[in-house]
Amino acid sequence: MDKGQKLRAIPAMDIVLGLEWVQSWLESLGRMRVKRIITRELSEIRRSILEDDGEFTPDDFRDSCLNAFASASRPLLRRVVNATGVVIHTNLGRSLIASEAVSAMSEIAGHYSNLEYDLKAGARGQRNSHVEDLLCALTGAESSFVVNNNAGAVMLALSALAKDSEVIVSRGELVEIGGSFRIPDIMELSGATLHEVGTTNRTHLYDYERAINESTKMLMKIHPSNFRIEGFTSSPERKELSRLAKEHGLIFMEDAGSGLIVDGEIIGLSSNSGEISIRECIESGADIVTFSGDKILGGPQIGGIAGKKKYIDRLKKYPLARALRCDKVTLAGFEATLRLYAQGKYDDIPTLRMIRRDVDGMKTQAESLAEMLRQKVKAEIRVVETEDATGGGSCPEIKLWGYGVAVKHETYGAGYIQKLLRGLDVPILCGARENEIVIHVRTLQDCDIDIITASLAGVLNA
Ligand SMILES: *Cc1c(COP(=O)(O)O)cnc(C)c1O
């Protein structure tokens, strides 16, 4: 057959839509989506005839369409099993939300609420009022505000407080965070001018002092996230920066990044974790502190802002605040999470519970998972020590040791097994070393155990 004949063998859309195996999908996916998928499949065949000397075969075409229909019928945003041992995994949705918070979110999502209604006064209310007091109580701040995320919080604060002025930042703190958050870019968007001081590894108080001029409005400190320079480094203490700012009538702002609400030691982080709480930032004299809700705080995605009332009031009134406002479901989840903090129920917050997990408990869990897998899965299985991580750019100094189960197959390499596990209905993401995959137990939920056992048996026993 020449190419022309091969192209003529491709059926027309109307013919395909009449085929028996298409009928049930027309109903479950809808005619529009079925047509889109068929169009894509047919044009792929056309391309392969023209470029790769392919041809139309009815069976391959049917299988390929049925695969595409089946995958189109599943939600694209799906739960996965996190067996990586990275607690705040930015690519896997960061923090899990506490079950109390999930209930609150579902209640508010499915019902009308007093989101912007003051029930006492019978009049319009403030959307942020539900979390403001709690945040102030927990952080010791005079006032607080929440927006969509921390990038938005930084953007809002810079725009409202330092537009058309200079903001002094240490060069060592100008790092890219989470792949796409860059202070110089946010600064430019906000209309503030970045004034870098010091060198990558050392910045002294006098560097800031010398940089101050009549256009300066703000000194800014940024949590360097998971970026660390070892050895010969230094930067001034928060208290010194705050004093310098005060002497010159400047605002001292800190982007605290991960958002530790309580003292790190209370939740099992050692004093050298590299994390400091919002309360400590406020007590050291910060006028404004911003942080994320879904990193170490362990709540939904928000950008928290805590600080002096006179500045926070300006943020609330600034037009950009409207564009960055939080959704009601998120606010409900955030309020519920803060209540858990206020009650000291840290172990009800999944992120904190997973970071605090006891090593012996993880060892026992790994041993029992290994035993289950040995009974069901044809592979070499052993318990191993793992190096886990808090993730999300938090606690870079901490080595978080944990336990896991290594699974080694006779013929499949680790990369291939990982690929198979990613393709499952509930995909499993795990670690790998040499020729074995590693299931880290720290980040597993109870319901994941059966999924892992069944999935590994399905994938490896074939
Ligand atoms: C993560 C992080 C951000 C960005 O926060 P989002 O909540 O993801 O917008 C900004 N600054 C620092 C220091 C961070 O660690």
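Q: Which residue in S13 stands opposite Phe-145?

A: In this predicted model, local features need pLDDT of at least 70, side-chain atom pairs count only at pLDDT 80 or more, and totals for chains, interfaces and linings use all residues. Residues are numbered from 1 along each chain as its sequence is written, and side-chain values use heavy atoms, with hydrogens and water left out. S5 and strand S13 (residues 303-307) run antiparallel and are joined by five bridges, where strands are DSSP runs of E with at least two residues, helices are runs of H or I with at least four, and both are numbered from the N terminus. The residue opposite Phe-145 is Ile-305.

Q: Which strands stand at the edges of the sheet?

A: The open sheet has seven strands in the order S5-S13-S12-S11-S10-S6-S9, with mixed pairing, and two strands pair if DSSP finds at least two bridges between them. Each edge strand has a single partner, so one side of it is left without a neighbour in the sheet, and these strands are S5 (143-147) and S9 (193-197).

Q: How far is a nitrogen atom of the ligand from an N or O atom in the side chain of Asp-255?

A: A polar contact here is a pair of N or O atoms within 3.5 Å. A backbone N or O atom of Ala-151 lies 2.8 Å from an oxygen atom of the ligand, while for the ligand nitrogen and the side chain of Asp-255 the distance is 2.6 Å.

Technical notes. A polar contact is a pair of N or O atoms within 3.5 Å; within protein, one must be able to donate a hydrogen and the other to accept it, and residues adjacent in sequence count only if both atoms are side-chain atoms.
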